[in-house]
Amino acid sequence: MYEVCGEKELKVILALDPGDSISGVARKIDENRETIRRVVNRLEDAGYVAYDDGLHLVDQTLRDVGLEFLTASADISPPSITEVYVLPQFAGMEYAYTGIDAVYVWTRGGYQVARDPEDYPLFIAVHESNLKAWTAFFDRFRIPTAQERQPADDLNGAIQVVLEPRPQIENEMVDGRPVIPLKETVAFANEHYAHFQSALDMLGRIYDSVDTDANYRPN
């Protein structure tokens with residue numbers, strides 16, 4: 001009964017959407033594919049997960065209970081920055097990284113504008129209709145949310161989530177993370193060129209479709 005109650009098993013249960021592949025789940029939770037394959041095999045053997053044109057949970061209440069457990073554990077051990085990037089995968093709502101985080105995702109982690117670990121905002125686009133639900137979701141983990149970045153002195157912790165409500169969300173998947181389209185990300189970077197010149201140069205080298213005049217070379 002207890003053989004599949006580990007950290008990675010819980011993360012798979014929380015992140016799994018019907019029809020997901022093993023590779024897809026691994027990318028969502030930023031884990032090695034082979035590791036997650038073994039985890040899924042254990043869950044399947046235990047009867048928690050089944051394969052039918054993709055993976056699915058046999059009983060969705062497992063996910064609800066898992067989220068309750070994760071919420072309780074966050075009171076004892078608050079989520080780290082790395083863990084907060086995974087948390088939205090467990091909300092069951094559509095979203096996309098935007099702004100600074102869109103640049104971070106599209107450069108595949110190659111560019112991270114200076115952000116102090118003691119003052120770390122995440123930028124996420126969400127459906128207008130889900131704004132209250134997203135606020136409630138992050139409240140469960142004692143992570144403050146707002147539609148504008150809040151001064152660090154006004155917060156009790158280092159992490160905050162800036163929610164950008166939109167009537168519709170266009171997203172693409174990059175390394176398992178939903179993110180606003182590349183074209184929109186490049187437009188954002190160009191709008192804030194002084195901060196993202198090197199990122200634009202990087203995007204231009206990674207993607208043939210990106211046409212940028214950036215020609216950054218570090219000293």
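Which helices each supply at least two residues of the lining of the largest pocket? In this predicted model, they are α1 (7-15), α4 (61-76) and α5 (81-86).

**The largest pocket**
- The space in the largest pocket comes to about 720 Å³.
- Its lining is made up of 28 residues, and Glu7, Leu10, Lys11, Phe69 and Leu70 are the closest to its centre.
- Helix α4 gives the most to this lining, contributing seven residues.
- Sorted by class, the lining of the largest pocket holds 18 nonpolar residues, along with five polar and five charged ones.

**The second largest pocket**
- Here the space is about 250 Å³.
- The lining counts 14 residues, with Pro78, Phe141, Arg142, Ile143 and Gly157 the closest to the centre of this pocket.
- By class, ten of the lining residues are nonpolar, two are polar and two are charged.

- In soluble globular proteins, nonpolar side chains tend to be buried together.
- The largest nonpolar core in this model has 67 residues, among which Phe90, Trp134 and Phe137 touch the most other members.
- Helix α6 gives the most to this core, with six residues.
- Leaving out residues up to four places away in sequence, Phe90 touches Lys11, Leu14, Ala15, Ile29, Arg63, Leu67, Leu70 and Phe137.
- Two of these partners of Phe90, Lys11 and Leu70, are also listed among the residues closest to the centre of the largest pocket.

**Thr107**
- You will find Thr107 in the loop that runs between α6 (99-106) and β4 (120-127).
- Thr107 counts as buried because its relative accessibility is 4%, under the 20% cut-off.
- Its side chain reaches the backbone oxygen of Tyr104 at 3.1 Å.
- Not counting residues up to four places away in sequence, Thr107 touches Ala199, Met202, Leu203 and Ile206.

**Glu172**
- Once neighbours within four places in sequence are set aside, Glu172 is in contact with Trp106, Arg177, Pro178, Val179, Pro181 and Leu182.
- Glu172 and Tyr97 are 75 residues apart along the chain, and their C-alpha atoms are separated by 9.8 Å.

Notes
Residues numbered from 1 in each chain as written. Predicted model: local features only at pLDDT ≥ 70, side-chain atom pairs only at ≥ 80, totals over all residues. Heavy atoms only, no water. Contact = heavy atoms within 4.5 Å. Helix = DSSP H or I, 4+ residues; strand = E, 2+ residues; numbered from the N terminus. Buried < 20%, exposed > 50% of the residue type's maximum accessible area, 1.4 Å probe, protein only. Polar contact = N/O pair within 3.5 Å; in protein donor to acceptor, adjacent residues only side chain to side chain. Core = buried A, V, L, I, M, F, W, Y, C linked by side-chain atoms within 4.5 Å. 1 Å grid on protein atoms, 1.4 Å probe; cavity = no way out; pocket = protein on both sides within 12 Å on 5 of 7 lines; lining within 4 Å. Points joined across faces, edges and corners; volume = space filled by probe spheres on them. Nonpolar A, V, L, I, M, F, W, Y, C, P; charged D, E, K, R; others polar.
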